[in-house]
Amino acid sequence: MHSPKRRLLLPLLLLGLSVAAVAQSPSIEFEKYTLDNGLKVILHQDNTTPIVAVSIMYEVGGKDSFEGRTGFAHFFEHLLFEGSENLKRGEIDDYVQSAGGALNANTSNDRTYYYEILPSNQLALGLWIESERLLHARVETVGVETQREVVKEERRQRYDNQPYGTITLELYQRAFKEHPYKDPNIGYMEDLNNAEEADFQRFYQTYYVPNNAILSIAGDIDVEETKALIEKYFADIPRGPEPPRIEIEEKPLGGEVRDTVYDNVPLAALIIGYRTVARSHPDYYAISMMNQVLSQGQSSRLNKVLVDEKELAVQAGSFPASSQDPGLAIAYAFTRPGTTDLRPVEQAFDTEVGKLQTELISDREFQKLRNQIEADAISGYGSVAGIAESLANYEMFLGDADLINTEVQRYTDVTKEDIRRVAQEYYTPENRIVLYWLPQPDSK
């Protein structure tokens, strides 16, 4: 990645950092409009601190790859720090850091996101940088070759040579046969080696167009002055063709998939993936709450049973991955040292899921769950950077930025019966992938 701070989202999900957290503020005001070239703009004014977050989200991610050219969205996350026609190599970082700001980017399977956090008097700098990225990025051999080696090294460090680093790769390639979620967000090494400059030019011209982006700005701004600056830097960028969209509908899994993976790891782990719904599906909320019952907090069911009572695991959890198309909900348990038989761990997990399928959760547990959701809503996002990203996410994937204020109601509308229903519908053996993740015999 461009800097050690930049991250890939899927590995972080395995640490329990779901990108689908429900935290939100009930009173975030914003203005939304669209330029003639199709660029969507969202502005949130917060004058309490002289800071502004300038961000732009493109609807292109790991799943949006030309055949045989996986990993391009993540590659571009790196490449577009190489400079532009008016920014020499390295100057993007230099300008932002010299202004007392910070910058970063991240890529998921579904979108790419760039942002700068700046003193509010440097708003124009952030807008200029992002307009250069959109219109004048330097997509040429020297940058391509430089970043090709950076990304290949990142793949080695974060996946291939990292304990448990390939869990999501192994899980998703078994969960999907046709949908490009089967391919790693970072891409295959052979694709990174074989990609040519013309491939990158094509990708840039296809997806880096204003009608495929949302410019989201939050912080200490004057709204009318900001609009004028946006007009100055973005209005003349020509609209592009509408980018292609993935229209593959993955067939049902058709039966449980089981496998054993040997890895250079200290502890055996149980990894389970259930095929579930897209982030926009109404059932997502009940699935999310079901997973909170299973794994959120010290008193959660998996922690209480697998970790505390049965002492089968040192850590256990579950979460639904947030995805634009139907994806996975993932459960995991890292076992105690010396564990070689994962069957008791799997049986204990299945027992807890079975309880959710046959019994309604208690009134006390349900009230605790609702209290957690409401507390998250009150606590809000905590920063203008978080608000800017959330507004863009809600607008891009759910079609309504105002869900930053109202989505909590979708969670509180979920009933105990809904939680039992989704457990019955989605958490079935024929709808899951089970991986026994075991230490190499010689790594004990």
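1. Among contacts in the protein chain between residues at least 6 apart in sequence, what percentage join residues at least 24 apart? In this predicted model, the figure is 81%.

2. The secondary structure of the protein chain comprises 16 helices and twelve strands. The C-alpha trace spans about 60 × 50 × 40 Å along its principal axes.

3. The radius of gyration of the protein chain is 22 Å, and a compact globule with 444 residues would have a value near 22 Å, so the two agree.

4. Of the 444 residues, 58% count as buried. The protein chain exposes about 18500 Å², of which carbon and sulfur atoms supply 48%.

5. Nonpolar side chains tend to be buried together in soluble globular proteins. The largest nonpolar core in this model holds 64 residues, and the members that touch the most others are Met289, Met290, Leu306 and Ile419. Helix 14, covering residues 384–398, gives the most to this core, with ten residues.

6. Leaving aside residues up to four places away in sequence, Met290 touches Leu356, Ile419, Val422, Ala423 and Tyr427. One of these partners, Ile419, is itself among the core residues that touch the most other members.

7. As to charge, the protein chain carries 69 negative and 44 positive side chains. The centres of these two sets lie 5 Å apart.

Note on methods: Residues are numbered from 1 along each chain as its sequence is written. This is a predicted model: local features need pLDDT of at least 70, side-chain atom pairs count only at pLDDT 80 or more; totals for chains, interfaces and linings use all residues. Side-chain values use heavy atoms; hydrogens and water are left out. Helices (H or I, at least four residues) and strands (E, at least two) are DSSP runs, numbered from the N terminus. The radius of gyration is taken over C-alpha atoms; the globule rule is 2.2 Å times the number of residues to the power 0.38. Buried means under 20% relative accessible area, exposed over 50%, partly exposed in between (1.4 Å probe, protein chains only). Contact means heavy atoms within 4.5 Å. Accessible areas come from the Shrake-Rupley method with a 1.4 Å probe; for residues, only the protein chains shown count as cover. Lys and Arg count as positive and Asp and Glu as negative; His and the chain ends are not counted. The place of a charge is taken as NZ of Lys, CZ of Arg, CG of Asp or CD of Glu. A nonpolar core is a set of buried Ala, Val, Leu, Ile, Met, Phe, Trp, Tyr and Cys residues joined through side-chain atoms within 4.5 Å.
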